[in-house]
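Hi,

Here is the structure I promised to pass on, sequence included. Have a look first, and my notes follow below.

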Amino acid sequence: MKLRKVLALTLAAAMTFSLAGCGSSDDSAAATDNTATDAAEEEAPAEDAEEAPAEDASEAPAEDAAEATGVPTYSQITLGEDYTDLTASIKWIHHKTDREEDGTIANLVAEFNKVYPGITVETEGVTDYAEDALLRLSTGDWGDIMFIPAVDKAELSTYFQPLDTLDNMKKEINFADAWQFDGTSYGVPYMANAQGVLYNKAVFEAAGITELPKTPTEFLEALQAIKDNTDAIPLYTNYAAGWTMGAWDAYIGVVSNGDDTYMNQKFVHTEDPFADPGDDSGAYNLYRILFDAVANGLIEEDYTTTDWEGCKAMLNNGEIGTMVLGSWAYAQMVEAGEHGEDVGYMPFPITVNGTQYALAGGDYNYAINVNSSDDNKTAAMVFIKWMTEESGWCYNEGGYTVAIDGENPDMYAAFDGCTVLSDQPALAGEETLLNDMNAESELSFNAGGNTKVQRIVEAAATGSETFDDIMADWKQAWNDAQDSCGVEVLY
C-alpha cells in the first residue's frame, strides 16, 4: 500500500505500511468537507495491506464476529436497558478540541454516566488529528474509540472492530456505508454535513441581495454587490489555514451535476471531468467561482494572512459576506459573537437543469479498536450508540441528522426546494479505485487536496496561470493516473 504522498515524506519513519504502485487511498470523512472543527473535517491514504489470518474474528462478517467474541453488534444493543451494569474504562481520541476545551464533551460524558455509571470515558482532543491519528494507528497507541482517519477501506478489519452488517446499520443510521467493506460496517458518523455556503444575512441585505444566488454567475454578481455596497469581505478564502481550501472538493459530484453515482462510480472513469459544460454547472464552474472571485478582488486583501479562528467572529459580526465550508462550521460561526442570528447557511450556487442539489453525508466516523478487550469493545459500542442516538450532539452542532429518525436544525430551512442526495458507494471491486487515482494523480479530491485549490488562488491573484491552464493540467494528471492504474475510460 502506498500512503498519501503528502504524508509519506513526514510519516515514513513512523509508519509500518508497505509501498506499491497505484496503491494509495484518500477516503474523505464525509461528504464532505471531511469532513468538523478544523483541519480534521477534510481527510485521506492507502492499499494492499497484507490479509489478516483467516481465523481473525475481524475478518468475519459482523454478526459472526460478535458471536465469536461475545461483543454485541450495534443493532443488538437497546439503550437504557442493556449493559447498564457494565464496568469498564475506555479512551476516545477525537479532533473536536474546541468541544474538549469548552466542556461540551465532558458534559456529554456526564450525561452518559447517568445511564451507564460503570463505564469511565477518558477523552483526548488532538489538534493535528489527521496526521496524528495515523501515527497512533500505526503504533496501536490510541485507546478504544477514535474517529477513522484516512486509511484504506481494505484495511479496516486490521484496525477496527466490525460494528454490524451494513444492512443492519442502514436500518439504524443514515450514511452507514461510508466506512463499510464487503458488507460489514466499521464506522458511525458522529454527525453529518450538508454542503453549502455560510453567509451573513445582514451583509446580504445591506448589499441589496434579495434572493439567494443559485448559479455561479449569480453568486459572483452577489459578491460584487457586497464589495460595491458594504465594507465586508465578499468571499473569505481561508487560504492560510490550508485544510479549509479542501472544502471546495465536496461539491464536485451531486452539487455540481445532480448525479449521486458520479463521485464514487463515474469520476474515475471520466476522460475530462474538468471540462466546461457551458451551462454554469460541473466541476469547471465550481472552481471557476474561486478563480474569478480572486481575480476580481472579491476576497480578503491579503490571502496569505487569513486567520481561521479569527474569521469566525468576523463572519458573525458582518465583516465577511460568505465562506465556502460544510454545515459543520455553522454552529461555530453562530457562537463566535453577538450576532449569531445573522449567520445563515445556503445551498451551493449551482443549478442543474433547473434544480439545485445538496449533498449530505457523514463526517468523521466513530470506530472501535479491534485489539481492545471484549468488555472495552462492548462499552465502546454502547457509548457510540448513545452518542449517536441519545446525546443530541449532532443536532446541537448544526449537523444533518445521523440517527435514522433524528431531527434537522432550523439552519437548513434555505435548503427547502433543493434535492438532497448522498453519494452512492463505489461499485463492487472498485472500492479503492478513487483512492488510487487520487494518490497517483496527486490531486486528492475530497482527501486533503488543499494545495491544488490554493494553486487556483495563487494563479488568480498573480496572473501566473489562467484558469483553463489549471484545468488542462488537472486533466493531464487525471488521464496519466488512469493509464497508470489501468482505469477504463467510459465517459
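Let me start with helix α13, which spans residues 308–316 and has Trp308, Cys311, Lys312, Met314, Leu315 and Asn316 as buried residues. Keep in mind that this is a predicted model. What covers those buried residues of α13? The cover includes strands β9 (196–200), β10 (233–235), β11 (320–323) and β12 (343–347), along with helix α14 (330–335).

The two ends of α13 have something to show as well. At its start, Asp307 brings a side-chain oxygen to within 3.3 Å of the backbone nitrogen of Glu309. After the helix comes Gly318, with a positive phi near 90°.

As a reminder, a disulfide is a covalent bond between the sulfur atoms of two cysteines.

Now the sheet. Five strands make up an open sheet with mixed pairing, and the order is β2-β1-β3-β15-β7. The edges are taken by β2 (119–125) and β7 (188–189); each of these has a single partner strand, so one side of each is left without a neighbour in the sheet.

With β2 it pairs in the parallel sense, over seven bridges.

Is β1 enclosed or open to the outside? Five of its seven residues are buried, so β1 is largely enclosed by the rest of the structure. Helix α15 (residues 374–389) lies across β1, β2, β3 (145–147), β7 and β15 (365–368), and runs at about 55° to β1.

The side chain of Glu172 makes a polar contact with the side chain of Lys385, at 3.4 Å. What else does Glu172 touch, leaving aside neighbours within four places in sequence? Besides Lys385, Glu172 is in contact with Tyr74, Ser75, Glu389, Ala403 and Ile404.

Finally, two backbone angles to check when you go through the model. Phe175 is not a glycine, yet it has a positive phi of about 60°. You will find Phe175 in the loop between α7 and β5 (180–181), and at 15% relative accessibility it counts as buried. Asn446 is another residue other than glycine with a positive phi, here near 55°. Its place is the loop between α17 (433–441) and α18 (450–462). With a relative accessibility of 12%, Asn446 counts as buried.

Cheers

Notes:
Residues are numbered from 1 along each chain as its sequence is written. This is a predicted model: local features need pLDDT of at least 70, side-chain atom pairs count only at pLDDT 80 or more; totals for chains, interfaces and linings use all residues. Side-chain values use heavy atoms; hydrogens and water are left out. Buried means under 20% relative accessible area, exposed over 50%, partly exposed in between (1.4 Å probe, protein chains only). Helices (H or I, at least four residues) and strands (E, at least two) are DSSP runs, numbered from the N terminus. Contact means heavy atoms within 4.5 Å. A polar contact is a pair of N or O atoms within 3.5 Å; within protein, one must be able to donate a hydrogen and the other to accept it, and residues adjacent in sequence count only if both atoms are side-chain atoms. Two strands pair if DSSP finds at least two bridges between them. Axes are lines fitted to C-alpha atoms, for helices over the stretch in contact, and angles run from 0 to 180 degrees between N-to-C directions.
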